[in-house]
Amino acid sequence: GPALPLPDGLPEPELNPNAEVVLERRYLRKDGHGTPYESPRELFWRVASVVAAQEQQYEQGRNPDELARQFYELMTSWTFLPNSPTLMNAGTELGQLAACFVLPVEDSMEGIFDAVKNAAMIHKSGGGTGFAFSRLRPSNACVGSTGGVASGPVSFMKIFNTATEQVKQGGTRRGANMAILRVDHPDVLQFISAKERENELNNFNLSVGLTERFMRAVEQDEEYALIAPHNGKTVQTLKAREVFNLLVRKAWESGDPGIVFLDRINRDNPTPELGEIESTNPCGEQPLLPFEACNLGSLNLGRFVLPGETANGGADLVDWERLRETVHLCVRFLDNVIDASRYPLQRITEMVAKTRKIGLGVMGWADMLYQLRLPYDSRRAVELAEKVMEFIRAEARSASKQLATERGPFPAYDNSLFGKQNLGPYRNATTTTVAPTGTLSIIAGCSSGVEPLFALSFTRNVMDNDTLTEANPYFEQALRDTGAYSEQLMREVARTGTIRDMDHLPEELRRVFVTAMDMEPLWHLNMQAAFQKYTDNAVSKTVNLPNEATQDHIRDIYWKAYELGCKGVTVYRSGCKSVQVLCTGEKQ
Ligand code: UDP
């Protein structure tokens, strides 16, 4: 439905300068000439009132006016933001509010081109799409109807890539795709090298789907079979270690492909009777069934720190009571988003209605640690990560349970894992996901997702050609508090990004204000694993490595990710591609 009229006296949101630019460019509604006809206040009221209005369809629904004001306050205090499509499309004609979709790709011309078309519809509405290409017959396999030979997954992916290039997402951003291929598909070697040339498949992230069987073969230095999916025949066998090493080498060279652990993802599939999970959304944090969609939202942890000095590793300064209340409000918000959203395909509407997945996660984690004076690369920080996420998941599930008593459980509940283990009933088949929050974190003015800061001060490339410069506010404040602040120092930090080697600064500052590049790579993974332990879906995280990192480092990281129970891992070695989204240095 449409937004409620703007009530009198609604406070104007306080925007940081970057947020102002981003909102105007991408989020405010615009007329035919590209001129915005809504203010940020109208935007957040539109979202708050449309999401709150869903209460009307439930007997035990809350008062929509009061709830809309609560939602408005929740967002404009930068405590929580829903994923970008919700901000862009709530209350609009398009009305598509979810960021994450997975589409099946069947082994037929019709199936492949249906998927291309469906992806275009989703991109137009601001969503990102994930595909598994594992069902396609390999290149050079026979095509019965024509007597010719098949092109294979990588060749067809180029069509998806080109189609994506031409469809701007709702006029705001270009579509993003994930391609997953199982490690036992006969074209896996071609897939692993598919992005070795710069700009090839640039609208895709690639991940190889690793199986338990493959990991065991790597461990025991055995061969494993490549199986043609259309007839189940073994085409060839490969040495697992050689494939693993190739994966490592390509990731070292270009960051692609990443890896996902498919069996592990399916072990946590809450509704196996509805099908197997073959793919995730573009950034990897949301495994979904074919035709399933999910909306995400992120809490800004930097807003939950009480003043004072910690005596027990930070937990005493987390505002748990406020966090509890906020999580409950957010779950209600995200469950309403499911009802408020219109999906581009009937099949998707039906799947979403069965599982009602939502993904509540966090951003501002590095900001929280800075305020608590805990170094990101420390045991205490990892322990606090587990405490915080364990709490959020427990409260999110309790909120979902509460909603189930008011509104009924998700329809696939009875045959789900929860139903069989008598754990529910829940309103949502999943409640937690940690998203990258690439643009949300700019709007909220916080650090992104659970990432450490890339640099204490940096220049950011956004929207193709614009750049924004910013220093972390907690860092700046700490410098002022210790009397170390000077303009010259800030310029120096903007050039290098880090204060690690600045001997003249207090030791404690240099230890606390670490950046992604300052720490041993394994800390990235320890943190990812800590959040994953208490996340239903997955955790978006890039293990950022310095340029000097070796292939051995990446091999260790992949193996450790497997041992620590991660659902996948992505590495990125600084400088391995010419264009980076985030960069240090004034000149870039
Ligand atoms: N996404 C997309 N296109 C983009 C950025 C994101 O389709 O340019 C989708 C994709 O599914 C991704 C998800 O949105 O995994 C969440 O990304 P992020 O948290 O960075 O999005 P935000 O809500 O901050 O824009």
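The legends below describe close-up views of one predicted model. Residues are numbered from 1 along each chain as its sequence is written. In this predicted model, local features need pLDDT of at least 70, side-chain atom pairs count only at pLDDT 80 or more, and totals for chains, interfaces and linings use all residues.

**View A. The two domains.** Domain 1 (101-280) and domain 2 (451-583) divide the chain; their bounds come from an automatic or database domain assignment. Their centres, taken over C-alpha atoms, are 29 Å apart. Domain 1 puts 17 residues into the contact and domain 2 puts in 16. Two residues are in contact if their C-beta atoms, placed from the backbone, lie within 7 Å.

**View B. The side of domain 1 that touches domain 2.** Helix 9 (240-254), strand 12 (258-261) and helix 10 (262-267) each give two or more residues here. Helix 9 gives the most, with six residues. Helices (H or I, at least four residues) and strands (E, at least two) are DSSP runs, numbered from the N terminus.

**View C. The largest nonpolar core.** This core has 163 residues, and Ala48, Val51 and Phe71 are those with the most contacts inside it. At least three of its residues come from each of domain 1 and domain 2. Such a core is a set of buried Ala, Val, Leu, Ile, Met, Phe, Trp, Tyr and Cys residues joined through C-beta atoms within 7 Å. Buried means that 20 or more other C-beta atoms lie within 10 Å of the residue's own, with C-beta atoms placed from the backbone.

**View D. Around alanine 48.** Leaving aside neighbours within four places in sequence, alanine 48 contacts Ala68, Phe71, Tyr72 and Met75.

Conventions:
Buried ≥ 20, exposed ≤ 12 C-beta atoms within 10 Å, placed from the backbone.
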